[in-house]
Amino acid sequence: MIEILSPPQIDRARATGALVATILRTLKERATVGTNLLDIDRWAKEMILQGGAESCYVDYAPSFGRGPFGHYICTAVNDAVLHGLPHDYSLRDGDLLTLDLAVLKNGVAADSAISFIVGEARPAQSVELIEATERALAAGIAAAGPQARIGDIAHAIETVLTEAGYPINTEFGGHGIGSTMHQDPHVPNTGRPGRGYALRPGLLLALEPWVMADTDELAIDEDGWTLRSSTGCRTAHSEHTIAITDDGAEILTLPL
Ligand code: MF3
Ligand code: CO
């Protein structure tokens, strides 16, 4: 189902998006050398509840995972890229951490992911991976608007990732979002301009380019959730929720 939100609903989506962004920014500051992924999960839970929201993840049991997720945030380290299940691991200097968070507040969901490097080290390949996904996300957002189609966004994302030299896995991409986290339309990370669903004001989309340095093949962890690169290479993921407006697109998951 594709939802078109009313102006009051979009106002509520702005509040949800700001909460997601603020939680992610706070967790990024707290995620230092020695921080345990389970602490990050606990802090996420506390801030979600404190913010008057509920988790989109804790009871979520989609076909691509084993049973309910049971946690409040996705934490993916290094070769882990999507659906990272928090576990007992203490972060090290130079780890590449992806945090992916979606919450529901006042009936509207927002979803965002950030990748960053923990500590002082700046491994060049990791910096490049992160920057490529951020550039791809920016290009996807720039391509979005009331005159655009899904294929325009998908093609913009694909172009940046391909020019950066990364293979693209097409099993997971972005999605519509609204009263629930995952809705139609699907927003692939590859596509053809002018194809696909025509965007319209009031549509909310989560755009989420993600890459693996040297492969397009995923491997599932024994935990039944965490998706890793099949080669063990590093990975990155950047996601924003946007609203299609009368004259372009508004990013909802920026800190206030
Ligand atoms: N937020 C993720 C996305 O970007 C989905 C995570 S689902 C979970 O679509 F169950 F793994 F949390
Ligand atoms: Co998403």
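Modeller: Leaving aside residues up to four places away in sequence, I153 touches G140, A143, A144, V187, L199, L205 and L207. Touching, or contact, means that heavy atoms lie within 4.5 Å. The model is a predicted one, in which local features need pLDDT of at least 70 and side-chain atom pairs count only at pLDDT 80 or more, while totals for chains, interfaces and linings use all residues; side-chain values use heavy atoms, without hydrogens and water. Residues are numbered from 1 along each chain as its sequence is written, and chains are lettered from A and ligands numbered from 1 in the order in which they are written.

I153 is one of the residues with the most contacts inside the largest nonpolar core, together with L199, L205 and L207. That core has 34 residues. A nonpolar core here is a set of buried Ala, Val, Leu, Ile, Met, Phe, Trp, Tyr and Cys residues joined through side-chain atoms within 4.5 Å. Buried means under 20% relative accessible area, exposed means over 50%, and partly exposed is in between, with a 1.4 Å probe and protein chains only. Two or more residues of the core come from each of β3 (80-82), α3 (124-143), α4 (150-163), β8, β9 and β13 (240-244). Helix α3 gives the most, with 6 residues. These helices (H or I, at least four residues) and strands (E, at least two) are DSSP runs, numbered from the N terminus. Another core, of 25 residues, lies apart from this one, and A31, I40, A44 and A53 are among its members.

G140, one of the neighbours of I153, sits in helix α3. G140 counts as buried because its relative accessibility is 0%. Beyond four places in sequence, G140 touches I153, A156, I157 and L207. From G140 to G151 there are 11 residues in sequence and 10.0 Å in space, C-alpha to C-alpha.

G94 and T32 are 62 residues apart in sequence, yet 10.0 Å apart in space, C-alpha to C-alpha.

D111 lies in strand β5 (residues 108-117) and E208 in the loop between β8 (204-207) and β9 (210-212), so the two tie together parts that are 97 residues apart in sequence. D111 is buried at a relative accessible area of 2%, and E208 is buried at 8%.

A few backbone details remain. Most residues other than glycine have a negative phi, and most peptide bonds are trans. N78 has a positive phi, near 60 degrees, and is found in the loop between β2 (74-77) and β3. H83 has a phi near 60 degrees as well, and its place is the loop between β3 and β4. The peptide bond from D184 to P185 is cis, with omega near 0 degrees, and P185 is in strand β7 (residues 183-187).

Finally, the whole chain. There are 4 helices and 14 strands, and buried residues make up 55% of the 256 residues. Among contacts between residues at least 6 apart in sequence, 70% join residues at least 24 apart.
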